Amino acid sequence: MRSPRHETGPPDLTTHEGFGAFYEEHVDAVLGFVTRRVADPHLAADLTADIFLAAMGSAGGYRGHRGAPVAWLFGIARNVLAGHARGKARESGALARLSGRRLLEDEDVAALEERIDAQRAFRELAERHAALSEPLRAVLDLVVVDELTPAEAAQALGITRATVRVRLHRARRALRASGPMSGSRLEVAR
């Protein structure tokens, strides 16, 4: 049940006394409006305060011919609650997008960039390697990857050491011709 109101004109929210009287007259109605829509008592109190702050900020826009001050106040309350709901939806969406992801520190970003660069270099090397003929790849793999000596590679492939050296030379030349490869094991395995 509503108590009778003395709503005869626009609310005077420009003075402390006017705002205080307006607040005292309408706080229970606004709090009831909010608590019917929000289950958390702390949130209800915060939203009620936000509604009165918004009312104070827009008191100049009140038009008495359009309705009672409490109706105007409930319109503001609906806007504040809708704004809160939109903010919660944005927050939930952001949390869902970030779910399972951790935010990166500067050193994490640097390590990730290094890893990406290394993977790019690996993919480039793998493409160059795949472009070699099978006999050149076989010798290169045994000497560079498996770290066999040319004599051991020759034995494993059933070919002469001279053939291993020729194929290794051709493989290195083909890889160099396709661009520089700094720090690769191919330079070390001469």
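**Legends to close-up views of the predicted model**

View 1. Helix H2 makes a right-handed crossing as it passes H3. The axes of H2 (residues 41-57) and H3 (residues 69-98) cross at roughly 125° and come within 9 Å. H2 is therefore oblique to H3. On the H2 side, the contact comprises Leu43, Leu47, Asp50, Ile51, Phe52, Ala54 and Ala55, which meet Trp72, Leu73, Ile76, Ala77, Val80, Leu81 and His84 of H3. Classified by residue type, this contact of H2 with H3 contains 12 nonpolar, 1 polar and 1 charged residues.

**View 2. Crossing of helices H1 and H2.** The axes of H1 (residues 16-35) and H2 cross at roughly 135° and come within 10 Å. The two helices, H1 and H2, are therefore oblique to each other, and their crossing is right-handed. H1 contributes Phe19, Phe22, Tyr23, His26, Val27, Val30, Leu31, Val34 and Thr35 to the contact, while H2 contributes Ala44, Leu47, Thr48, Ile51, Phe52 and Met56. The contact of H1 with H2 has 12 nonpolar and 3 polar residues, with no charged residues.

**View 3. Model confidence along the protein chain.** The protein chain has a mean pLDDT of 82, and 84% of its residues reach 70 or more. Among the elements of the chain, H2 has the highest mean pLDDT (92), whereas helix H8 (residues 185-188) has the lowest (45). Residues 1-7 stay under 50 in pLDDT, and the model has 12 contacts for them beyond four places in sequence. Residues 185-190 also have pLDDT below 50; this stretch has 16 contacts in the model beyond near neighbours in sequence.

Methods:
Residues numbered from 1 in each chain as written. Predicted model: local features only at pLDDT ≥ 70, side-chain atom pairs only at ≥ 80, totals over all residues. Heavy atoms only, no water. Axes fitted to C-alpha atoms, helices over the stretch in contact; angles between N-to-C directions. Helix = DSSP H or I, 4+ residues; strand = E, 2+ residues; numbered from the N terminus. Parallel < 35°, antiparallel > 145°, perpendicular 65-115°, else oblique. Left-handed = near helix turned anticlockwise from the far one by under 90°. Contact = heavy atoms within 4.5 Å. Nonpolar A, V, L, I, M, F, W, Y, C, P; charged D, E, K, R; others polar. pLDDT = per-residue confidence, 0-100.
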